[in-house]
Amino acid sequence: MVSIQVDMHDRLALTLQDDLTSQIVAQGAHGVLIDISALEMVDSFIGRMLSNIANMSRLLDAETVVVGMQPSVAITLVELGMPMRGIRTALDIEKGMLLLRSEEFASASVSEKDAKDDDAVPNV
Amino acid sequence: MTMPSPTSDIYEIRDSEDVVVVRQAVRRQAVSLGFNLVDQTKIVTAASELARNTLIHGGGGKASVEIVRNGLSTGLKLTFADEGPGIPDLELAMRDGYTTKNGMGLGLGGAKRLSNEFEIDSAPEKGTRVAITRWKA
Amino acid sequence: MPAKNRLSEILASHEADLLQDWLALQKASASRKTSAADDKVTASLSREFLSGLRDAMQSDSSVDLQTQAWASVRDFLTNLAQSRAKSGYTPTETASFVFSLKEPLFNRLSSSGDQATLAKDVWTTTLALDRLGLFTMEIYQKTREQVIDRQQRELLELSTPVVRLWENVLALPLIGTLDSSRTQVVMQNLLEAIVSTRSDIAIIDITGVPTVDTLVAQHLLKTVAAARLMGADCIISGIRPQIAQTIIHLGVDLSEVSTKATMADAFQLALKRTGATITTSKAK
C-alpha cells in the first residue's frame, strides 16, 4: 500500500513508479493499494503514472486499486478528459482492501508496505 | 486615488521542480482570490499541464500569474511562454489523444476545457505562448 | 493638450468649500440618520471623489468613461456601489452620492462669464455627473443581482438534500427545472456526500424534473463519471419518455450509465449491488 502525501514533481513520480514495481516483485504482492486522499490535484502526468502502475502490476500478476480520490479532483479529471483506463477505484482504504480481496483466490495474500518517499518535496 | 499594485508574478520554468512551484503559486493565488475548491483545482491542473508543456516541448520558459478584472468579475490569467520549436499544426495539437514523440497528449485540449478563456500563439521557430483565464464564479 | 474647462477649474480652486456644501446637502437629503462616524466616512469618500473627478476632467473633458483617464474614478464608484449594495442602501441613496454634487457645482458655475459659456459648462457638468451617476447605478444593480443569486443558490442547497436511503446507498431526488449552475452545485454536494457517508451507490432521481437540456444532461453524465473515478457508482432513475427522447435527440450517450424507470427499481438494484438483501418475516 502506498500513501501519496506530497505534491510530487515529475521525476519523483517516475521514481515512485519504479519503486512500486520493484516492491511488487520483491514482496510477491498480489495487490497494490494507492491512497491519493491527500492529493489535491491529479494532472495528466500523474494520471498516466497511475495507469502505468496499474498496467505494470497486472503484468506482474497484481491488481491495483486507487482509493480516496477527492471530489474536486474527480470533477477536474472528468473535465480534463483523462480516460484513466484500467484503474480500479474505491472510496477508501477499507473498501479498497475489500475490492482487492474479492479479486483473489482464497489462498493468495496481499502484501502491504507503507512507502513514503524520504526525499520528497514537502507540500507548501 | 491609490495606484493599483502590480498584479503579475513571473516564474521561470527550467526543471520539473519549477512546475511544482508554479502549481503552488497558482493555488495560493486562487485561494486568496476566493475561488471555490473545484475551480481552484481546475486552474491548478491546467497550469500543471501547460507548465509541463513549456518545459518538455518548449525547452523551458516563463509563466506569469496575473489577477484580472472585468467590471465586477475577478479572474486569474496565466500565461506560459517559451522560445522553443513551436507547434507546426495547432489544430492537430489541440486534438485529444494527439501525441508527439514526447507525448504532449492532453495538455492543450485539457487546459482549454478547464479554463474559461484560452489563447494560443505558436508557429515553427517562433516559440509558443499560451494564456488561460479562469473567472471567479 | 486638453482644453481647460470650467468644471475642472472649479474643482481645483474651490475644493474645500465645494466639499462642505456637498456634504451639507448629502446630510440634509439623507433618508437615514447618520452618526459622526458615518459622516467622517462620507467626508473622506466625498473628498476622494472630488479629487478623482478633478484629475479625470483635466485629462478628458469629453467624459468618455471607458478611457484610462476615468479608470480610477470608475474603480472608486464601483467600490462605493458594491459596498452600498451589500449594506442594503437603496438605489437612490447610492446614486444620490453623485447626483447631489450637481447643485453645489451649478451654483459656482453661474457666478462667471457669459450665457454661451455658461450653457456649455452646465452641459458638460450635467453630462459628467449623469454618466457617473448611471454608471454607479449599474454597478449597484449588478451587485444586488449577485447578492440575490447567491442567496438563491444557498436556498437551493438547502432544498435539494442528499438522502441516505440505506447503508452505502444515497439518493438525490431532483425537483424542478435545473439550470446549469444549480446542477453543478447540486452535483458537487452529491459527490461530497458520497465521500462523507462512504456510499458506494448514489441514485439520482429525476422524476420531478420536467425538462432536461444538453448542459444539464452533460453535467449529469460528468457527475456519474466523477463518482466512478472516486470508486462509487450512480444509477439514474425516473427518466420519463419525453426526457428519454430529448436525451437521444441531444445525442447524449447514456449507454454506460445504469438507468431505471422508478426510484424503487433503482433502490432494488442498488441493494443487490451492495450485497444487501431484504427479507420479509411472516406476520404472526
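Helix axes are taken here as lines fitted to C-alpha atoms over the stretch in contact, and angles between N-to-C directions run from 0 to 180 degrees. The model is predicted.

Two packed helices are described by the angle between their axes and the distance between the axes. In chain C, helix α2 (residues 15-29) packs on helix α6 (residues 102-109) at an angle of about 140 degrees. Their axes lie 8 Å apart. The arrangement of α2(C) on α6(C) is therefore oblique, because an angle has to be over 145 degrees to count as roughly antiparallel. The crossing of α2(C) with α6(C) is right-handed. On the α2(C) side, the contact is made by C:L18, C:D21, C:W22 and C:L25. On the α6(C) side, C:E103, C:P104 and C:R108 take part. By class, 4 of these contact residues are nonpolar, 3 are charged and none is polar.

Chain C as a whole contains 11 helices and 5 strands. It has 284 residues, of which 30% are buried. Contacts in chain C were also examined by sequence separation, counting pairs at least 6 residues apart. Of these contacts, 77% join residues at least 24 apart.

Chain A touches both of the other chains described here. Its contact with chain B involves 19 residues of chain A and 23 residues of chain B. On the chain B side, α1 (16-32), α2 (37-56) and α4 (107-113) each give two or more residues. Helix α2(B) gives the most, with 9 residues. The chain B side divides into 7 nonpolar, 9 polar and 7 charged residues.

The contact between chains A and C joins 13 residues of chain A to 12 residues of chain C. On the chain A side, α3 (71-80) and β4 (88-90) each supply at least two residues. Helix α3(A) gives the most, with 5 residues. This side of chain A comprises 10 nonpolar residues, 1 polar residue and 2 charged residues.

Strand pairing was examined in chain B. Strands β2 (residues 61-70) and β3 (residues 73-82) of chain B run antiparallel and are joined by 10 bridges. Among the paired residues, B:R69 has B:T74 of β3(B) as its bridge partner. The two strands form a hairpin, with 2 residues between them. In the turn, B:G71 has a positive phi of about 65 degrees. Strand β3(B) is also joined to β5 (residues 128-135) of chain B, by 8 bridges. The strands of this pair run antiparallel. Here B:A81 stands opposite B:R129 of β5(B).

Backbone torsions were considered next. Most residues other than glycine have a negative phi. A:D61 has a positive phi, near 65 degrees. This residue is found in the loop between α2 (44-59) and β3 (63-67) of chain A. A:D61 counts as exposed because 11 other C-beta atoms lie within 10 Å, and the cut-off for an exposed residue is 12 or fewer. C:R198 likewise has a positive phi, near 55 degrees. Its position is in the loop between α8 (180-197) and β3 (201-208) of chain C. C:R198 is partly exposed, because it has 14 other C-beta atoms within 10 Å.

Note on methods
Residues numbered from 1 in each chain as written. Chains lettered and ligands numbered in written order. Predicted model: local features only at pLDDT ≥ 70, side-chain atom pairs only at ≥ 80, totals over all residues. Helix = DSSP H or I, 4+ residues; strand = E, 2+ residues; numbered from the N terminus. Parallel < 35°, antiparallel > 145°, perpendicular 65-115°, else oblique. Left-handed = near helix turned anticlockwise from the far one by under 90°. Contact = placed C-beta atoms within 7 Å. Nonpolar A, V, L, I, M, F, W, Y, C, P; charged D, E, K, R; others polar. Buried ≥ 20, exposed ≤ 12 C-beta atoms within 10 Å, placed from the backbone. Pairing = 2+ DSSP bridges.
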